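Have the sequence and the 3D view at hand, and let us walk through this protein together.

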Amino acid sequence: MTSNHKKVTGVRRCAITATLGILAVCCGTDRALADPPTAPLDPPFYSFDAESPKVLSGLVHAYDILEVNDLVPNIAEPGVSLGLDQPGDDLDALSRDYSGLLTGQEFLLLFSVDRTTEGEAPPDPTLVDLHVPYNAKDQAEKGQAAGDQYMSTVVCTRQSICALPRRGLTNNSTLVRNNYDEGGTDFAADPPTSAEDTAARVPQDNVDATSALPQSPDPDREVLEVFFSASEDSPSLVPLSDIHPPSGANIFFNPHPANATSETSVFAAASALGLGQDDDIDAMIVFNGDGDILFTPGDQVMFSLTPGSPSLTTYLGSGVDAGGAYVFMVTHGEDPVVIATAEDLGLGLPDDNVDALDYVICPDAELCAPEFGIRSPYFPAVAGWGLAVTALLGLVAGTALFRRKSK
Ligand SMILES: [Ca+2]
Ligand SMILES: [Ca+2]
Ligand SMILES: [Ca+2]
C-alpha cells in the first residue's frame, strides 16, 4: 500500500467519521416537530377546566371564554359577563346556535377529551399511510391529549346515528388541533409539546369547551349569542338557574355578554332535555331551530355527559354500558338517543370522556383528514440546519476527493 493511498484512505475515514458524528448530533438530539395541517380549521373559542395549570396559576379562570393567542390564551369574554365569577365555577360546555346546519348534511364530530382518557383504538392504518398518524390514544400515551381537538372518522347527521366511516377506515379519530404550537393553530395549552413528543406525567391544561361563537363587527369583536353549561359543582348554578333546580345539565343563554344590560337566562332546564338534576352536560352543540331563547319544538341539542352522570346507567344507554365518551342527541318532545358510542370514536369505557364537541361539514374522513389533520414530520427528527450541515460536509468531502483524483 503506497503512502499516498494511506493518506487518501485517512482523509476519507476522517470525512466519514466527522459526517456521522455531526449526523448523530443533528438526528439524536433534535426535537421532532409534527407538520401543521395543509388546511387548518378555524380556531374556536374555548375554555380550560379548573385543574388546568394556567387556571391554577391564575392566568385565566375556568369560567372564562378564551381565544388562542401565542403562548397564553387571550380572555375573549370573562365569565363574570355570563354570571360565572364564584370560586369553583367552571364553564364546561359552549355552543353557538348551529341551526343553520341542514338536517341531512353530513358532518364529522370535532371533540376533546379529558386528562383521564386513555383511548382504545390505535391510529388508523390508512390515516397513518396518509401521514396523519395522531389520534386520541396516541396523544394520551404521550401525556398530551387533554388540550387537543380530534375529528371523528364516523359520519353524522342531525337526523340519524353516526354511520361507519367510508372506505374501510376504522372507528377512530385524527388530531386536528394540538395542545401547543404545531405551526398551525393550537390552544396555547400545557404541556408545550409537539404532537410527536412524549410528555408523560407533566400537568396538562384541559380544553373542556369549544365553539365557533359569532362576533360583533370590527373593531370590538365581542362574542355574541353564547349558549353554555357549567359544571355541577359551580356555586353560580343557583342564581343562574332562576326558578329551576340548579343542575350541571341546565343550558343557559346570553345574547351579548359584553353588554351590561344583556342577561343570562335558562335556555333548557335538565328536565326539558330528558335529564335528571344530578346529570352534568360537559359538551354540547345547540340547534335553536326557531330562534327564540327557549328549548321549544324544532330545537335539538347534541351533548355528552360527565362519567358520573346517573342517566348514563339508566335509559340513555339502554341500561348497558354508556359512558362519558358517549354522544347523545335530544330533539324537543323526544327522549335523548345515542348517536355515537365511545367505540365509534376510538375511545374506551368506563373512564374515557368526551368533554367538548363541535363539528365540521365533511362526508368522508379519508378525504378530510389529510387536509385538517396534524401531519407526521416529513424528515423525522432531522432539523433543517442538520440537513444543511450534512449537505455542506458532503460537498466539501466530494471537492477534496475530486481535487486529489485530478492531481
Ligand atoms: Ca372550563
Ligand atoms: Ca397533543
Ligand atoms: Ca362527556
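The report below takes each topic in turn.

## Model and confidence

This is a predicted model in which local features need pLDDT of at least 70 and side-chain atom pairs count only at pLDDT 80 or more, while totals for chains, interfaces and linings use all residues; side-chain values use heavy atoms, with hydrogens and water left out. Residues are numbered from 1 along each chain as its sequence is written, with chains lettered from A and ligands numbered from 1 in the order in which they are written.

The predictor's confidence in each residue, pLDDT, runs from 0 to 100. Its mean for the protein is 87, and 83% of the residues reach 70 or more. Over residues 1-30 the pLDDT is below 50, and this stretch has 24 contacts beyond near neighbours in sequence (contact means heavy atoms within 4.5 Å). Residues 380-386 also stay under 50, with 11 contacts beyond four places in sequence. Where pLDDT is low, the predicted coordinates should not be read in detail.

Phenylalanine 48 sits in strand β1 (residues 45-48) and alanine 62 in the loop between α2 (53-56) and β2 (65-67), so the pair ties together parts that are 14 residues apart in sequence.

Helices (H or I, at least four residues) and strands (E, at least two) are DSSP runs, numbered from the N terminus. Buried means under 20% relative accessible area, exposed over 50%, and partly exposed in between (1.4 Å probe, protein chains only). Phenylalanine 48, at 0%, counts as buried, and alanine 62, at 4%, counts as buried too.

## Strands and pairing

Two strands pair if DSSP finds at least two bridges between them. An open, antiparallel sheet of 4 strands has the order β13-β14-β15-β16. Its edge strands, β13 (281-287) and β16 (337-340), each pair on one side only. Within it, β15 (residues 327-331) and β16 share 3 bridges, and valine 327 stands opposite alanine 340.

Elsewhere, 7 of the 7 residues of β5 (residues 107-113) are buried, so this strand is largely enclosed by the rest of the structure. β5 runs antiparallel to β6 (residues 149-157), joined by 4 bridges, with phenylalanine 111 opposite tyrosine 150. β5 also pairs antiparallel with β17 (residues 354-361) over 7 bridges, where valine 113 has valine 354 as its bridge partner.

## Nonpolar cores

A nonpolar core is a set of buried Ala, Val, Leu, Ile, Met, Phe, Trp, Tyr and Cys residues joined through side-chain atoms within 4.5 Å. The largest has 54 residues, of which Leu109, Ile281, Val301 and Met302 touch the most other members. β13 gives the most to this core, with 6 residues. A second, separate core of 18 residues includes Ile65, Ala76, Leu91 and Phe252.

## Backbone details

A cis peptide bond joins aspartate 218 and proline 219, with omega about 5°; proline 219 is in the loop between β9 (207-211) and β10 (226-230). Another cis peptide bond joins leucine 349 and proline 350, with omega about 0°.
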